[in-house]
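Here is a short briefing to read alongside the model. Please keep the 3D view open as you go through the points.

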Amino acid sequence: MDISLSDISHTKTSRTKVRPVDVAVVGLGYVGLPLALLCEKKGLSVLGIDSDARKRSALIRRTASFLGESEHNELKKRGLRIEGYGEALAEAEMIIICVPTPVHENHAPDLAPLRSAVREVGVRLRPGQTVIVESTVNPGVCERVVLPALERLSGLTADNDFFFAHAPERINPGDPRWSVENIPRVVGARTKESLERAVRFYRSILGAAVHTMETLREAEAVKIVENSFRDVNIAFVNELAMSFEKLGIDVVNVIKGASTKPFGYMPFYPGCGVGGHCIPVDPYYLISYARQNGYHHRFLSLARTINNRMPHFTVKLLLSALKEGGIPARRGLTVSLLGLAYKRGVGDTRESPALKIRDLLLRRGFSVQAYDPYVPGAGAAKNLSGALEGAAAAVIATDHAEFAELRPEFFAAQGIAVVIDGRNCLDKKAFAGSTVLYRGVGRAPLPDSEEERPSPSTSLS
Ligand code: SAJ
């Protein structure tokens, strides 16, 4: 149900009163900070709130490690009013909650950060304010957890005294093309008035479409479906990689071949695992909620199991390559781990498969020298040479540009005998005839008698 702009009264009188703060953004991480900066850029008066004093001072000093280049520059240019929770929250017309919704070790949803933010907002909530939750939650959380808490703590009635909507965040860290400003959004609410207020806000700051959903639960479900879609498709190609490994078929070439179909196919690529704060987390929210309501998502659960196995599969690749190369996998053998972040171009290690690979290698008694240009410190080597020094093998766990351009000669010169390419980011063919043994994820080894053949993507017509 799209609301046309004419349905939405733009006059200030529709607000209970003008407030000195237009927007308070609660949670200044990957989601909240770009949103706060965008609101500033659009001329709104913004209050950025974060409960973490160290993060607040890092943001004020502009040294927060998770800041990308563009956010750094924006923060420099715009500054931002950054505070902890306080009475200023009561001044804001819009309150946007952008706090993490992780899972516990046992994969059960962890709503503690959200409950804490809702508590801090609820005790300061005033009539006429609009609260929007952007944090990813499973269907039902807004109605069963957030709204009752806001009403209980404020003594106000939702969708009457204050307004409420859910607009799931969509952000793709490290993506130069899609930003918070140009990604279309969906919004859901229980009443037209709440929906209108949220739609009006997003249409005032975005250069992209704002789609309205029929209900809050639909809006919550959209986000979970988007990310579960990615997880199951990645699991599909990861399973193919493990199968094709035994069949001597290069799965990446097959995926490229399938991608020549102009319709009905969408490429995903196998790797050493699925990390980040979204894709490996969000399906568990749906699995858990559906189970509470009598349905067991066997397919989503199996996809999670397959993706969670990929770090083990990657270590098995290493062990088999060491054996093939006649290198005893003895305790103390030095292995270089290239990449700690969960994906290229970012410094975020949340749920990163690289960390699981490191743990598995350490548990086998290997000495691990890790290096990631985006993750300083963390006991890692200061540079690539430092990480490779004295190592017999290198495992690429993140396809940062610095690693993707490495050549066999470079590894050979560093004394590396085995390279495990956990992100299939190197040119497998370049290793033909090299002293370095290369193994990718699902990339069948080159046949010994590799004569000059057209690369699979070369048209033979
Ligand atoms: N991965 C694969 N194979 C693939 C794609 C990804 O193994 O074909 C791995 C990546 O290496 C990474 C993980 O999966 O470890 C997640 O990758 P991602 O590209 O989905 O990265 P996220 O989680 O930062 O961003 C995603 C968004 N990604 C894209 O749409 C491209 C999007 O799903 C959400 O907007 C975002 O999560 C979010 O905030 O929910």
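A backbone N or O atom of isoleucine 171 sits 2.9 Å from an oxygen atom of the ligand. This is a predicted model, in which local features need pLDDT of at least 70 and side-chain atom pairs count only at pLDDT 80 or more, while totals for chains, interfaces and linings use all residues. Residues are numbered from 1 along each chain as its sequence is written, and side-chain values use heavy atoms, with hydrogens and water left out.

**Ligand contacts**
- An N or O atom in the side chain of lysine 223 lies 2.5 Å from an oxygen atom of the ligand.
- For tyrosine 269, a backbone N or O atom is 2.7 Å from a nitrogen atom of the ligand.
- On its own the ligand has 750 Å² of accessible area (Shrake-Rupley method, 1.4 Å probe), and the protein covers 84% of that.

**Ligand shell**
- The ligand is surrounded by 18 residues (a heavy atom within 4 Å), and the closest are Lys223, Asn227, Arg230, Tyr269 and Tyr342.
- The shell divides into 9 nonpolar, 4 polar and 5 charged residues; here Ala, Val, Leu, Ile, Met, Phe, Trp, Tyr, Cys and Pro count as nonpolar, Asp, Glu, Lys and Arg as charged, and the others, Gly among them, as polar.

**Cysteines**
- The structure has 0 disulfides (pairs of cysteine sulfur atoms within 2.5 Å).
- Cysteine 272 is in no disulfide either, with the nearest cysteine sulfur, in cysteine 425, 9.6 Å away.

Terms used: Polar contact = N/O pair within 3.5 Å; in protein donor to acceptor, adjacent residues only side chain to side chain.
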